[in-house]
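Welcome, and please take a moment with the sequence and the structure. A short briefing follows, sorted by topic so that you can check each point as you turn the view.

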Amino acid sequence: MSTSSARRASAERASAERASADRASVNRASPRRPREPLITGAFVRLAIADLAYFTAAGVGLLAIPLYVTGPIGSDEAGAGLAFGAFAISALALRPLVGRWCDSWGRVPLMIGGGVLAAICLALTAQVDSLAMVVVLRLVLGVAEAAFFVASMAVLVDIAPESRRGEALSYNSLGLYLGIALGPPLAEILIRAVGFAGAWYAAGGLALAAAAVAATIRETRPRGARRARGAGPRPPLIHRAAIAPGLGFLASVVAMGGILAFASLHAGAVGVDAISTPILVYGAVVIVGRIGFGWLMDRLPPLRLGAVALVAIAAGLVVAATVRTPTGILLGAALLAVGVVFSTPAFFAAIFATAGPAERGAASGTASAALDLGLGLGPMLLGVVASAAGTSWAFVAAAGVAIIGAVWTVSLARSTGAAARRHAAGA
């Protein structure tokens, strides 16, 4: 190589190094720059609609197992069946709802889901057999699929990409406030006005969710619109969401162990107010999501999800082995610490794989884990609880969480290796 060529190469390397240093300096300073706004009017209205809907669902969390094992006259296995029956129809409908979101819009599905849920919850007060409760829960699954898939798509549409994990964390407060407030509200209503009053109140909350959703402008990107019969149809399954969705599934199965059987376990170990473990669980999640929302976009989502699964497993083991009121409350709190990070982490990983025109499909595919976890999970755990007690159901759920943590770690490693190979090739 000539001397002049060597000098040019040296100058180019020096220039590249200065540019790299400049970029690093900008990146270090970027947290001090004004961030894109997150808390908008649409964001707040969406959160209110979610809160109303999931408070209605929270009433059902406590009411369903007590209603089935009380007035209906069934056992723990029947309670698990009724609790999770909605998953069958919701699981079948989610991919189709995701396609409808991408083809025709989000808001109409939220409104329809809220109205249908209100009808199902109110009618539950009128039935007196396990079979009819299961039928209504199946129809409720249709409503849940429509409302939740559309709601998640709206959230990703309106959230700045740089703050998506934070948006998921804050928006989920509606869900977890509902889970926290719904059970004690159900307990108060059942004692004051009976099961019928609790079911009617839940129906009214779902109807309120539909009314608030009607005030949100359609958020589907204009470029995602498809004329009838023109162009390819949006996909039913977003394949890239499946791998991280399996980790999310493990977290939801484990979480379902507490939600489905905490009230029964609390009564068995001497807790006076049997809704207290779910209230503690919801309160810890709410405080954690508010306090650590800023952290969600600053850590690798899959690794954060794996750590969260380990915390969930630890909480379940404590609840199973320390059979005292303190044990179930401590276990619920420790599990909740894991849930603080699990849902935002896995959803951030999932939606990172989807473009604007695929968000409905990604939401439908990812949220199918909720149906499998909160539906089929309690059914299977209900069989374990009926045969060996709720403590062993918690142990089984902890095993699922550990398997999910191992899978998520392996997925994070393979994803990181692929990213490094891509960077090296570039």
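The chain has 13 helices and zero strands. Please keep in mind that this is a predicted model. Read from the N terminus on, the elements follow the order α-α-α-α-α-α-α-α-α-α-α-α-α.

**The chain overall**

- The chain has 426 residues, and 53% of them count as buried.
- Its accessible surface comes to about 17,800 Å². Carbon and sulfur atoms hold 67% of that area.
- Taking the contacts with a separation of 6 or more, 87% are between residues 24 or more positions apart.

**A nonpolar patch on the surface**

- Four names to look for on the surface are V115, I119, L123 and L207, which form a nonpolar patch. Together they have about 320 Å² of accessible area.
- Helix 5, residues 107–124, gives the largest share of this patch, with three residues.
- I119 is one of the patch residues, and I119 is found in helix 5. Its relative accessibility is 44%, so I119 counts as partly exposed: the class lies between buried, under 20%, and exposed, over 50%.

**Helix 9 and what covers it**

- Helix 9 runs over residues 276–292 and has 17 residues. At 1.5 Å a residue these should span 24 Å, and the end C-alpha atoms are 24 Å apart, so the two values agree. The expected span counts one less than the number of residues.
- Which residues of helix 9 are buried? They are P277, I278, Y281, G282, V285, I286, G288 and R289.
- The cover over these buried residues includes helix 7 (164–213), helix 8 (242–269) and helix 11 (325–351).

**A345 in helix 11**

- Helix 11, part of the cover over the buried residues of helix 9, is also where A345 is found.
- Is A345 buried or exposed? A345 counts as buried, because its relative accessibility is 3%, and the cut-off for buried is under 20%.
- A345 and P301 are 44 residues apart in sequence, yet their C-alpha atoms are 4.5 Å apart in space.
- With neighbours within four places in sequence left aside, A345 is in contact with P301, L304 and G305.

How values were computed:
Residues are numbered from 1 along each chain as its sequence is written. This is a predicted model: local features need pLDDT of at least 70, side-chain atom pairs count only at pLDDT 80 or more; totals for chains, interfaces and linings use all residues. Side-chain values use heavy atoms; hydrogens and water are left out. Patches are made of residues with over 30% relative accessible area and no salt bridge: like charges are joined within 9 Å, nonpolar side chains (Val, Leu, Ile, Met, Phe, Trp, Tyr) within 5 Å. Accessible areas come from the Shrake-Rupley method with a 1.4 Å probe; for residues, only the protein chains shown count as cover. A salt bridge is a side-chain nitrogen of Lys or Arg within 4 Å of a carboxyl oxygen of Asp or Glu. Helices (H or I, at least four residues) and strands (E, at least two) are DSSP runs, numbered from the N terminus. Buried means under 20% relative accessible area, exposed over 50%, partly exposed in between (1.4 Å probe, protein chains only). Contact means heavy atoms within 4.5 Å.
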